[in-house]
Structures are given as C-alpha cells and as structure tokens.
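Subject: A structure for you to explore

Hi there,

Here is the structure I promised to hand over. Have a look at it first, and then read on for what turned up.

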Amino acid sequence: MSRLNLTLCTKTALLPQTNKTIAAAATGGKWNTELRELSKQGQYSQALFLYRQMLRSGATPNAFTFPFIIKSSAALSLPLPAFQLHCHVIKSGCHSEPFVQTALISMYFKFCLLGNAYKVFDGSPDSRKLTVCYNALISGYVQKARFLNGLLLFREMRVQGVPFSAITILGLVPGCTIPGHLDLGRSLFCLVLKSGLKSDLAVANCFLSMYLRCGSVDMARRLFDELPEKGLITWNAMISGYSQNGLAKEVLDLYHDMQLSGLCPDEVTFVGVLSSCANLGAQRIGLEIEEKLERRGFGCNPFLKNALISMYARCGNLVKARATFDAMMHKNLVSWTAIIGGYGMHGHGEVSVELFDQMIQGGIKPDKAIFVSVLTACSHAGLTQKGLDYFDSMEKKYNLMPSSEHYSCVVDLLGRAGRLVEARKLIESMPMEPDGPVWGALLGACKIHKDVDLAELAFDKVVELEPRNIGYYVLLSNIYSDADNEEGVLRVRVMMRERGLKKDPGYSYVEYKGRTHLFMAGDRSHPQTKEIYAELKKLEALTIKYSEQENDELKRDQAIVNTAALHSERLAIAFALLHANTETDILVIKNLRICRDCHLFVKAVSKFVNYQFVVRDATRFHHFKGGTCSCNDYW
C-alpha cells in the first residue's frame, strides 16, 4: 500500500489541497459518493488524491470504490497506479464483482494491454455468464481494430446462451463501418430486428452511421424514414452522412425538413450544412446560417468559423472569407488551410504564399493537408519555383513524407509550366506507385501543351488504375481533336462504347432571388428561354467584335460563336444579365471544367459589359473583368 501511496502522492503533489472535499468525504464515510462525483465531473487527479486520503484514513475500499478510481487512473494514462489498483482489487476480494471486472477490462484496453484485459475476463468463471463483461471486452477489441476478436466473442456469447443488449450492439457495430464488413453489419441489423432492439434510438443511430460510412446511402435513408422518433443525433448523422458522400442538395433538403420538424440544430448540424453550401455555392443559405450562429451564441466556435471561411471562399466571396478569418481570435491549422486554399482556388497564389509564410513565422507547424493547398495555389498561379521549394521543404525542413497527392500537385505544377519531361521524370522517381490523379495531372498538362505522344502514355497508365473515370477519356479525345486526329477521337469513342461509359452532362447554375436556375447545354426548358436566347445572340455579337480587336484570336471567332454556342455557362450568363444588379458580381457555377471557347467567350463579354463574371468550374474560380481573367489564361 505504501508503494501506491508514494506513486499517487508524486502524481498529485502539485494539486491544491482540497480540504473541503476531503472533509466532506470523511463526514459520514461518504468516500464512494465523493469519488463518484469527482470521476463523473472529470476531476480524475482529485479522485486519485481523495483515494489516497481514503487509504490513509484507514477506510477499506470496496466494489463501489474501484470502478470510479480505476476509471480515473485510466483517464490520466497512469499505468503504474492502475496495476497497483488491480492488486488492491484482488486483496480486497472484489475481483469477481462484475462492474469491477468491466472497469479493469476497459482500463487495460485504454493502455493497449489487450492480453491483460482478456486475462481479467478469463480469470473469473462468472465472467462468461455476464453480459456486461462480454460487452466490455467486445467494445475494447473493436475500438483497438480487433474486430474479428470482438465478433468471435459475440459468437461465443450466443453459443453460451448469454443474452446480448443494446450496449453489445453499440460496441460491435462500429467494426462494420468499412465496406468490406457491411454484410456482417446487415446480419447484425437483422438480429436486432428480431430481438426488438431497433426501437432503441441509440442502436438505430449506430446502424444509420454504419450504412452512411459504408456508402450505402439509400439503406441509411430507408432506416431514417422508418424511425418513428428522430433525435438530434439522428438528424445530424443523416446530414453529416449526406455531406460526406457528396450529396449536398440532399443535405439542404434534409436541413429544411429538420427545421419544419421543430427540432433545433446544433453546431454539428451547421458544420454539415455549411459544407454543403460550399459545394453548391449556396451563399444565401450560408449567410442565413451565419446569422443564426451569432444569435445562438455559436459565433466563436472554431469549427464553424473554419466552415464559414471555406463556404464563403467556395461561393466566390473572398472578401467575406478573409474578414471571417481576420476576425478569429485564435486561428488553428485548419483556419490557415481554409483561407490559403480559398485564395489558391481563386488564382491568387501570391496571397496564398504570403499567408503560408506568415503562418510559419507565427510558429504554427504545417501538416500534409496545408501543403496540398499551397502547392495547388502555386500551380494555379504559375509560381513554379516557389511550389518546388515548398515541396522540397516538406521532408527536409518539416519531416513530412510527401504522399501521392503532393506528387500529383507537383506534376501539375511542372506540367502547366510546360516542363513535361521533368514531370515525367518526377513520376518515375516516386517512392510509391503513382496513382490515377498523378497520371491524370500529366494527361491534363499534355492537353495544355498539345503533346499527343506523352498523352497516350499517360492515358494508358491512368485507365489501368481508374478504368471507369470518364474524365480521362474525354480529355484524351479533346487532345486528339485539338491535333485534328479524327482517327484518335473515333478510337476513344469506340473504347467508351465498349466499356459502357457515357460522358457526364455539363450543367451550370446561377442563384436569383433565392432560387437556383440550372441550365444544360442547349437547354430550352426555362420559362424565359426566348429572352435568354435573344440576350445570348447580343453577347455573341460582342465576341465577334472582341475577336476583331484581338488579332491573335481572330482566327477563332467562328469557334467562339458556333462550336460551344449553347454550352450551359453561356445560357446561365445570359439569364443572369437579364436580371443583373450593377452592385453585385455574376456568379456561375459549372460542374465540369470550362472549355477554352467558353473561357474566351466570357473574356470577350466582360470587356464590353460592365460586370465582373465569376465562374467556378470543377477545378477553380475564374474572375473575368475588362476582357481579362484572373487565371491569366493559365488554367
């Protein structure tokens, strides 16, 4: 006992003497009550200190004492006192008490001593008859990525006739959240249906999260709709799941339904909704949420502030994104990543670089994610050498091993600069196998610089890795088209047909008076179709005028007017100009990358129409004003 006293005393020497707490505990022998309260409130060091005082007073710990003090030792990551507490348990004769056993099992899992945890379970014959002991062991194994061990224990539990509970299921289901284990998860769900545990909301929420993490969104939605009662956690799980699976429109629809249900959203809800606003460019909804955050007192929440920065940046409002960033009292790494990435996607690479250097000078250590943002920013702005310097510094200066994603950024960086040979050599020197995005970056560079031979090599590599990615086939077809290689174009079309691939339809949309107006290529379904096409005809006349003034582009005037005359972004711009407010920019969001002809079209229109046109395509933002684009034709 003296050894324990010494250890606990050492760990708590710097703690203030809580005389009032000790006196209260001593009065009437309420040691266990005080230990429980301290543990419940997370005051674990004070709990250990009180336990030491309990031993000094001559009081004897019992089965009600140990669960709280063992939990406190585990929470503080103090293995030595934990081992000594186990000795106390044995000496006091409490080792066969179920809740003491479960506390010891959980403690050993906390210290990653899985063998010790199993010995506690295996050392008592009564353990194999008790649901709570199985629950502790199953949950511990699953949390430590030993799902098979947990599953085998569950099977043993069933064979032994030990009843399972909702806690058993809650411990086991998290192991089924990877696609390879989904069938096991479905089997467990069937078992839950038969046992009647589906009515337990925590169990239902757990399965809901499982389906969403495995990408089975339809099954998750079916379960969600079948639940007679939905709590805040249920709504948040579904909203977060939709958001993580890229279903931004469904997130906003569900958020609307949640509001109609009368349930009050919390911070978790708002993070998921803001992420979807960013993906859709739904700035109006984002503004409404920011107002709600201020009214609800969530305005200082760093997670929400970071989500707002990202949302405003991706909605084209860099001024608001920067104001939100500057107003933050405490900026973490995620905050810097959001604002640096925001400037990068808008083509302001110089600002991104300035912010990155400012962050380093402030003593914040970069991680791999922020290097992706700053390398992408350098690539979009043509800051080739700066990007290469950052890439070299990752390992040499910050001890960060570049991943395939970083190599993809640098291949893109070199490729856009026309240094295709260096880009290829970099790929060949990679310490890991190049993935699809790496070869895709090289293929994209070949499109810019019209290198057909290297493009064919990159294409062969990338379709081995991602044979169903339609974008690469379209890219090669466009490379052949630019080179007037009709045989190559036909070859790609045949390949796509044989593999059952179809090009994703392009669409663009603008927001007007709270409504989203979406246009497809050649769309004539809009109520204002007649006015839109009349406006488009006027704009086409302006592009011819622009081509006549720009001698180097004169040869393309017919292409501007005819080749892509009905592309969706042109229809969206024509509609926006019909309803334009001179005080605001015109924001158009497109699902695919803007083509060269439409890029030239918007440049031409911006020279004669006194608006700034902001086009967000699949890769970045383009700001058109006065006949120029923020990308400097480098995209």
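Which side chain meets that of Glu288 in a salt bridge? The partner is Arg284, at 3.1 Å from N to O. A salt bridge here is a side-chain nitrogen of Lys or Arg within 4 Å of a carboxyl oxygen of Asp or Glu.

Before going further, please note that this is a predicted model, where local features need pLDDT of at least 70 and side-chain atom pairs count only at pLDDT 80 or more, while totals for chains, interfaces and linings use all residues. Residues are numbered from 1 along each chain as its sequence is written, and side-chain values use heavy atoms, leaving out hydrogens and water.

**Salt bridges**

The count comes to 18 salt bridges. Glu288 and Arg284 both sit in helix H18 (residues 283-296), four residues apart, or about one turn of the helix. Helices (H or I, at least four residues) and strands (E, at least two) are DSSP runs, numbered from the N terminus. Glu288 is partly exposed at 37% relative accessible area, and Arg284 is partly exposed too, at 32%. For these words, buried means under 20% relative accessible area, exposed over 50%, and partly exposed in between (1.4 Å probe, protein chains only).

Arg416 forms a salt bridge with Asp412, with the closest N and O atoms 2.7 Å apart. Arg416 is buried, at 9% relative accessibility. In helix H30 (residues 486-498), Arg491 pairs with Glu487 at 3.8 Å between the closest N and O atoms. Arg491 is partly exposed at 39%, whereas Glu487 is exposed at 61%.

**The sheet**

Six strands form an open sheet in the order S2-S1-S3-S4-S5-S6, with mixed pairing; two strands pair if DSSP finds at least two bridges between them. Strands S3 (residues 586-590) and S4 (residues 613-616) run parallel over four bridges, and Ile586 is opposite Phe613 in S4.

**The cores**

A nonpolar core is a set of buried Ala, Val, Leu, Ile, Met, Phe, Trp, Tyr and Cys residues joined through side-chain atoms within 4.5 Å. The largest has 160 residues, of which Ile69, Ile70 and Phe207 touch the most other members. Another core lies apart from it, with 27 residues, including Leu571 and Val602.

Enjoy exploring!
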